[in-house]
Amino acid sequence: MQPMALPPKATFPLSLLLLLPLLLLSLVLATSTQQEEFSEELLLKPLPDRKILAHFHFQNEAPLDADSFARHHHLFPKSISQLVQKFHIKAMELSFTQGRWNYERWGGFDPISSHNAKPPGVELWAVFDVPPHQVDASWKNLTHSLSGLFCASINFLESSTTYSAPEWTFQSALGSLRYGTLPREAVCTENLTPWLKLLPCRDKAGLSSLMDRPSIYRSFYHSQQLHLTMSSAASDGSRSGIILQQTLTVVLQPDDQNADMNHVSKAKVQPSWSLSSIFGRKISGRCVLAKLSNVYLHADRGLVAQLENLHKNTTQFANNDTGPEDYRVNSGFKLSVTPKRMHTELGKGSSILYEYPIKDYKDTEQFDLGLSWEHPIVWSSPHAPFYASRFLMGSGNERGAIAISLKSTEMTQGLVTNNIEERCKLQVNVLQVVPWYVKVYYHTLQLLVDERPRVLTDFVERMRVLPSEDKVSPGMMELVLQFPCEMKSAVLSIEFDKGFLHIDEYPPDANQGFDIPSAIISFPDLNAGLQFYDKSQSKSPLLSKLQEKSPVLSYTEVLLVPLTTPDFSMPYNVITITCTVFALYFGSLLNVLRRRVGEEERLLKNKDASKAVFLRRILNKLSAKLRGRPLESTSSPSSSSSSSSSSSFVSPKLILRVLLVAGIAIAWQYYSQ
Amino acid sequence: MTKKKKVPWFWTWVIGSVVFRLILLYFPKNLNLSSRPEVSTPLTSIRRLAEGYWLKQSSVSPYAGSMYHGSPLLLTLLGPLTVKRIEGQPDHLLCGLVFVIADVVSAMLICAAGEKLQVAYSSSLQLLGLRDLSENSERLPSGDFAALVYLWNPFTIVACVGLSTSAIENLMVVLSLYGACSRLAPLAAFGWVMATHLSLYPAILIIPVILLLGYGPDAPPRKLFCQKNRLEVGNSSSSDSYSEEKAKNQLKVANVFSWRPVVSFLLWTLLWSSYILVLCSIYVQQYGGLQELFKRTYGFILTIQDLSPNIGVLWYFFAEVFDFFRNFFLIVFHGNILLMLAPLALRLNHRPCFLAFVYIAISSMLKSYPSVGDSALYLGLLGLFAYELKDMQFSFFLLSGYVGVSLLSPVMHNLWIWRGTGNANFYFATAITYACFQVRYLYSF
C-alpha cells in the first residue's frame, strides 16, 4: 500500500506549485470586485475628572458570498464569517466589560457612552435571520461557539433562564432578537487575546500595539466589544457584506506630569499626558494591512465652550500657535504633535476632533501624541436627559423592591427652554430583565413623579410584561414612558419576593448573593450622534460611527440580591428525618388500625363502658318488668354470649384485614422496586 | 328531643369573633400577615391572586409565569376586589370582608352539621333502645361548640386576616360535609366539586361523602346493632313477636346502604364538574385551554415546584433531596395519602363524618403546601366530636405542643430570614415538630 501511495503524494506539491500562480490570479480577480477592508483608529478624549478615554476602533469588512465556507479571507477572520454563515446572524454585539461607566462624570450623551458604555460582565445580543421557532436553537449554538472563541463562560447564556427577547429597546427585530447578560463574568487577558487574534496585525503592529496589558487592566473602565452588522447594497437592500467592528474602550488615569514641569503651579490643572505615559508605549507605525490608520483627539462640547471662555478672558495671553488655524482652542492646552486636520461639529459650542493619520509617520519616527494643559479648566461632559440609577429597597431575605430612579440633568432644562411653546414630552424606554428567583409582582409597579405617587397610565404609553417562570424563563418588563420635560425626578418601584432554590442551583459562593442584570434606559427621541462639517471627504469608519444616528442609551447598576440559603451541609439529615416523620405517621396509623381490630372486644367494652352499664341496667329493668321479678343471673350469660358472639364475628374480618394490609405491603414492595 | 339548646351567649361569641376580625383587618398594612409563610402558600396567597388578576387585565394569561396557581373562578370572584379601593379604608378591606363572611358561613354550616349529627346520634341511641340514656345524659351542643372553636381558633383568625384563600376552600369542604349530613345530594356535590377544583386534596372526601349519603350520619358501629339485636332476641324470646319485628325493621333501616342519594350525588357531581370545567375553559380559552390550566394548578400542587418555606416539611425536603430521587419521593409522599384511604374507610365506615375529619387532618398534614388555614379546618371540626375529646390521651401535651410550635415557628423564621443569624434547620425543626404533633394528634384517636 505504501509504495502505491507515493506517486500521487509526490505529484501533488508539484501540481500545486504549477497551479499556484493560477490560483493566486483567480483569487486576485475574485477579490478585486469586492474588497476586504480593514481600518484601525484610536480616539482619545480627555475626561473632566482628570482621566483619559481611549477608544480603539477596528473595522473589518468582507463581502458575503453564498459559498463562503470554502472562501479564503485575506483580512477578515474566518471564524467570524463562519459564525455568521452558520447561524444566519443578522447583527450581533458581544461585550466584555469591567468597571462601571460613570455617566455623571464621563458623559452620557455622546456616541461613545451610548455604544460603548456597557454593563459589567458579558453582554450579548444577536438578531438572527431564521424562522422564529429556530431562533432559540441558533442562539444556543451561538453562545457555545462564542464561548469557545473567546475563552469565556458565554455558554451559560444558553439556559433559557438567562436570555430574553426584548422588542423595543434594541433594533426592532420582531421576535428574532435575543439578549442576555452575565453580570458576574470576570474579564481578563484571556478574553482579550482571542479578540486580538481576530485583527489582521494582532497586537504586533499598528495601533493595537499600544495595548499594553497591565495598563489596560489597571484602567477604571474597560470594555471590549465585537459588533457584527450586515452592510446592505444601496441598490436592492440585500445583504452584501459583513462589517465587523471591534472596539476597546478604556478609561485611564494618566500619571501626573505637572509635578516636575510646574510653570503653572496649580493643583487644579489637569494632568498632562502622552501616549507613552498612559500606555507605556508609542505607535511605531501603522498596520500595513490597514487601509486607514488614524488617531483622533476629541474635545467635547463642554471643554470647547470652556476654552472659548478662557480665550475671551485672557486675550492678552501669548498663545503659542501649535495648531494650524484654530488658535482659540489651543490657548488651553498644548499638543505635542500638530494635527493634520480638524473636524468641527455643526452648531454653536460644538466639539472638535483633531485627526492624525499614522500613514504620515515613517517607521523610524514614532508617533507619540502628548497633551499638556496650560490652564486649569473645569468642564462637564454632556449628559443624558436623566441620570438613571437603580437600587434595592427593603431588608431581610423574604421580599424587597427594585426602584429605578430618573433624575433630570441640565440637558432637560435645555429642552424645556427650547420648546416652551408646545408641551414638551420626552420618551423613555425601560428594559428590566430579572432572573426567575426574583419573583416580581408586576401589579405593584408604582410611579412617583416629583416625589408624588401618580397613576401609572398617565405616563406609560406601552408596556410589555413577560412574567418569569420558575426554572424556565426570566421575567422581562419593557416600558415606554412619556415624561414631561419639566419633570425633576421619577422613581419606578416594583416589589418582589425572593425565591428559594434547590440546593444544586446555588453557585459555590451562595452567600455572596445573586446579580440582577442592569436595566437599560434609552431615549429614542434623542440622537447621540455628532455632526461634523466635512462629511464628504472622510471615509473613516470611526467618524461615520460617531455621526451615526442612534438613540441615547444608558445602563443602570447591577444589583446584588442576597438570597436565603438552605443548609448545604446536611441534606442526608433532612432526608432521613423527614422520612422518619413519614414513617412515624404511617406506622402509627397502621398500628392504630391494626390494634383496634385486635382489641375489638376490649375497645368496644371500653368505649361502651358507660353504655354497657346502662345497657345492663336497662336490660335488667326490661327483663324485670317482663318477668315481674329481679333476676341478676341473666346478666352474666348475656354478657358472655355477647362477647363470644362478637369475637366469633370478628375473627374472619380480622383475617381479611390482615390479608389486605399484607397485600398492600407486597404491592408497595413490588412498586418501590 | 331536637330542642335547640345553644351554648349560652353563642351569638355574642360569633359577633365578637367577627368584630375581632374586622378590628384586625383595620390595622395598617394588614399586620403583614398576608405575606407570612404560615398563612399564604403559593396556592393561597392573595398577592399572587392579585398578580394573576393584573396579568389577566393586561391581556396576558394569568398563568403566565409562575405566580398564580389557583382557580380561574377565584380569580373572577376575588380579582376585582383586590383592585377596588374604598376611600379612606384599608386597601384589602373588601377582600377581607369576603373572607370574614366565608368564615362565618362555614362556622354556621359546621354548627348545622353538628346539629344533624346530634339528631342522628340520639336517634341511633333510640334505636339501640337507650332512650333513657339519650334523654338523661347531659348533651353538649357539639355543633355550636365546633362553630365557636372554628371561629375563635387563632389559626382561622390569622388565615382570615392574612387574606388566605384557604378560607374559601374550607367553606367548600364544610359545605360538602353539611350537604352530605343533611342528605342534600346537589349541595354535597357542589361543595365537593368546588373544593376539589380549588385545592385538589378534598377529592379524597368523596368516600366519606358517599358513605354519609348512603348510611346517614355517624352511628355506633353496626356490630352494636347486631349485638343488641341478638341480645334482644335472646332476651325477648318469650316476649311478644311484635317487638322483635320492630327491632328487626329498625335494624334494617339503620343498616341499609341507600343507593338513591349516592346515585343522585354522582349525577350532580358530573353536572357540577362539567359546569365548572366549561366555565374554566371559557375563561382560559385564549391562554392554552384546560390542559394548561391543569398543568398550572394541579401540576403545580403535585410536583411541588415552589420551594418557599411553609409550615410543612416537604419544601425543605425537596430543596435538599437529590434531583434523581425527586420523582420517587413525590410518588411516595402522595401515595402516603392515598394508601391510608381504603383501610380507614373500612375501619370507620360506620362513622363517615369522623372519617371525613381524619381524611382532612391527614391531607392537611401531608399536602404539598400546607398552611394554618388547613389546620384551622380540622381543629374546628374536632369540636364536632366532643365525645372523643373526652377520651383523648395527652390532650394537654398536644395543646401545649401546638401553642409552642405556633409561637416558635415565627421566631425561627425571623431568625433565619430576617436576622440572618439562624439557620434553615431551625425553622425546619419547628416544621418537623409540628408534623410530629399532627401525627401524634391523629394517632390519639
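1. Two strands are taken to pair if DSSP finds at least two bridges between them. In this predicted model, strand β16 (residues 399-408) of chain A meets that criterion with β22(A), the two running in the antiparallel sense over nine bridges. Within this pairing, A:Leu406 stands opposite A:Ala490 of β22(A), and A:Ile404 faces A:Leu492 of β22(A) across the strands.

2. Strand β22(A) also has a partner in strand β18 (residues 438-449) of chain A, to which eight bridges join it, again with an antiparallel course. Here A:Gln446 is the residue that stands opposite A:Ser493 in β22(A).

3. Both pairings belong to an open sheet of five strands in chain A, whose order is β15-β16-β22-β18-β19 and whose pairing is antiparallel. The edges of this sheet are formed by β15 (386-393) and β19 (452-454) of chain A, each of which pairs on one side only. From one strand to the next, the twist averages 30 degrees.

4. How many residues of strand β22 of chain A are buried? Seven of the 10 residues in this strand (residues 489-498) are buried, and the strand is therefore largely enclosed by the rest of the structure. The criterion behind that count is that 20 or more other C-beta atoms lie within 10 Å of the residue's own.

5. Chain B has 22 helices and zero strands. Of its 445 residues, 49% count as buried, and among the contacts in chain B with a separation of 6 or more, 74% are accounted for by residues 24 or more positions apart.

Methods:
Residues numbered from 1 in each chain as written. Chains lettered and ligands numbered in written order. Predicted model: local features only at pLDDT ≥ 70, side-chain atom pairs only at ≥ 80, totals over all residues. Buried ≥ 20, exposed ≤ 12 C-beta atoms within 10 Å, placed from the backbone. Helix = DSSP H or I, 4+ residues; strand = E, 2+ residues; numbered from the N terminus. Contact = placed C-beta atoms within 7 Å. Axes fitted to C-alpha atoms, helices over the stretch in contact; angles between N-to-C directions.
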